[in-house]
Amino acid sequence: MPSPPPVECPSYFRYIERDLEPWVASGITREAVERGQRQAHFRLVVVGGRAYVETYRPAFQTRDVFTQWGILQLLRRYPGRVPDLDLMFSCEDMPEVRAAAYPDRAAAPPLFRYCKDPSTLDVLFPDWSFWGWPEVNIRPWAPLLAEMDEENARLPWPDREPYAYWKGNPYVSPLRQRLLRCNDSRTARLYTQDWGFANRNGFRNSNLARQCRHRYKIYVQGRSWSVSRKYILACDSPVLAVATPYQDFFSRGLAAGTHYWPIHPDKLCRDVRFAVGWGNAHTAQAQRMGLAGSAFTRDDMAMEYVYDYMLHVLRRYASLLRYKPTVPERAVELCPESMACPAQGRNRDFMMQSREQYVADYEPCRMPPPLTADEASKMAQRDGEVLSRIDKMMGKQP
């Protein structure tokens with residue numbers, strides 16, 4: 001019996017072509033790739049279905065380790081389907097490939113990383129925490145998401161505390177420090193994470209699955225984007241998202257007014273107060289928004305789609321290479337055993353939790369058509385209209 005045709009990929013896959021657009025016409029040369037070495041933490045080469053890494057400098061904590069572990073799981077899930085390729089990868093927070101520095105866009109290095117903004121040409125890729133963040137005791141995405149679903153069911157949205165909640169490190173961003181000034185006994189509960197105590201305690205009290213106890217959750221950028229976005233979305237609570245230019249691979253599929261309530265960064269306290277008051281007065285609509293956000297994490301961000309995104313972006317990237325990848329002299333082969341066996345504690349535990357158990361005997365999701373400039377403009381216009389409607393609602397307050 002033939003396999004059913006693959007389903008269409010989620011909408012954010014449409015941005016893969018836009019990320020790689022600078023190199024579509026002319027292709028990617030070895031010189032362009034190596035131009036990114038100065039900013040890269042490692043070079044990844046896949047030849048004959050085997051992965052090799054040349055390390056240039058250590059990344060913060062284990063970002064590089066768990067990114068590479070994720071790539072190995074992709075090869076395990078789709079053996080023989082990842083083409084030969086050669087790329088540079090940066091694990092830094094801030095996007096670095098400025099479009100303005102490259103009048104000839106094709107000369108820019110196609111540098112892979114976790115986030116970008118409209119002024120940069122970096123190529124987006126899922127961040128390390130999908131396979132776990134051991135330093136802060138955040139489990140891999142698949143088991144954590146299942147645990148969050150269980151906890152959400154234990155405390156239904158109407159029974160949650162009717163406030164907006166945020167807890168984190170305010171010292172990485174002036175915007176976060178301004179947010180703390182919005183603490184309000186009637187609308188907001190905002191806390192500074194005591195990183196010293198949490199580190200000494202091994203972050204044992206930082207179970208994200210048990211932090212969905214408020215009706216509203218605030219998302220605010222860190223130095224750039226923040227990995228917290230996906231955990232906040234998964235809470236069944238409306239996300240009050242402070243506007244940011246920084247996007248990760250999946251956030252480009254989120255729609256203001258559907259998956260989150262937009263907050264203006266220059267009017268933080270006013271907007272948070274209004275959103276909470278409006279939600280508590282319109283509980284059915286607020287709950288619907290919270291469920292739409294968490295449905296996005298379950299349906300469009302399941303690990304199956306994370307791996308499919310990785311496969312599609314790597315395939316498209318490899319199709320643009322104008323040279324045959326070869327293994328660098330100083331590269332070492334990545335193997336599951338050589339990574340997991342020496343690992344200890346949470347590192348090993350999270351690797352075991354995120355290890356792919358099965359080979360996919362079916363095709364990945366089907367790529368949707370690339371996003372056109374006209375469609376992107378209409379989406380931006382739609383988000384702007386949502387903000388305008390909110391401003392009008394605030395203007396009608398007594």
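Predicted model: local features only at pLDDT ≥ 70, side-chain atom pairs only at ≥ 80, totals over all residues.
1. Cysteine 182 sits in the loop between helix H5 (174–180) and strand S7 (188–192) while cysteine 269 belongs to helix H8, so the bond ties together parts that are 87 residues apart in sequence. Cysteine 182, at 5% relative accessibility, counts as buried.

2. The structure holds three disulfides, and with the bonded cysteines numbered in sequence order the pairing reads 1-6, 2-5, 3-4. Cysteine 9 is joined to cysteine 365, with 2.1 Å between their sulfur atoms, and this link is right-handed at 100° about the S-S bond. Because cysteine 9 lies in the segment before helix H1 (15–20) and cysteine 365 in the loop between helix H12 (345–353) and helix H13 (373–395), the pair connects parts 356 residues apart in sequence.

3. A disulfide also joins cysteine 212 to cysteine 235, with an S to S distance of 1.9 Å, and at -65° about the S-S bond the link is left-handed. Both of its ends are buried, cysteine 212 at 5% relative accessibility and cysteine 235 at 1%.

4. Which cysteine sulfur is nearest to that of cysteine 335, which is in no disulfide? The sulfur of cysteine 341 is the nearest, 10 Å away, and this is too far for a bond. Cysteine 335 is partly exposed, with a relative accessible area of 26%, whereas cysteine 341 is exposed, at 54%.

5. Helix H8 (residues 268–281) also takes part in a helix pair, since its axis and that of helix H9 (residues 283–300) come within 5 Å and cross at roughly 110°, which makes H8 roughly perpendicular to H9. In this contact Trp278, Gly279, Asn280 and Ala281 of H8 meet Thr283, Gln285 and Ala286 of H9, a set that divides into three nonpolar, four polar and no charged residues.

6. The buried residues of H9 include Ala286, Met289, Gly290 and Phe296, and among the elements that cover the buried residues of H9 are helix H4 (141–154), strand S8 (214–219) and H8. Proline 238, in the loop between H7 and strand S9 (239–242), is itself buried, with a relative accessible area of 3%; beyond its neighbours within four places in sequence, its contacts include Trp157, Tyr216, Ala286, Met289 and Gly290.

Methods:
Residues numbered from 1 in each chain as written. Heavy atoms only, no water. Axes fitted to C-alpha atoms, helices over the stretch in contact; angles between N-to-C directions. Helix = DSSP H or I, 4+ residues; strand = E, 2+ residues; numbered from the N terminus. Parallel < 35°, antiparallel > 145°, perpendicular 65-115°, else oblique. Contact = heavy atoms within 4.5 Å. Nonpolar A, V, L, I, M, F, W, Y, C, P; charged D, E, K, R; others polar. Buried < 20%, exposed > 50% of the residue type's maximum accessible area, 1.4 Å probe, protein only. Disulfide = S-S within 2.5 Å.
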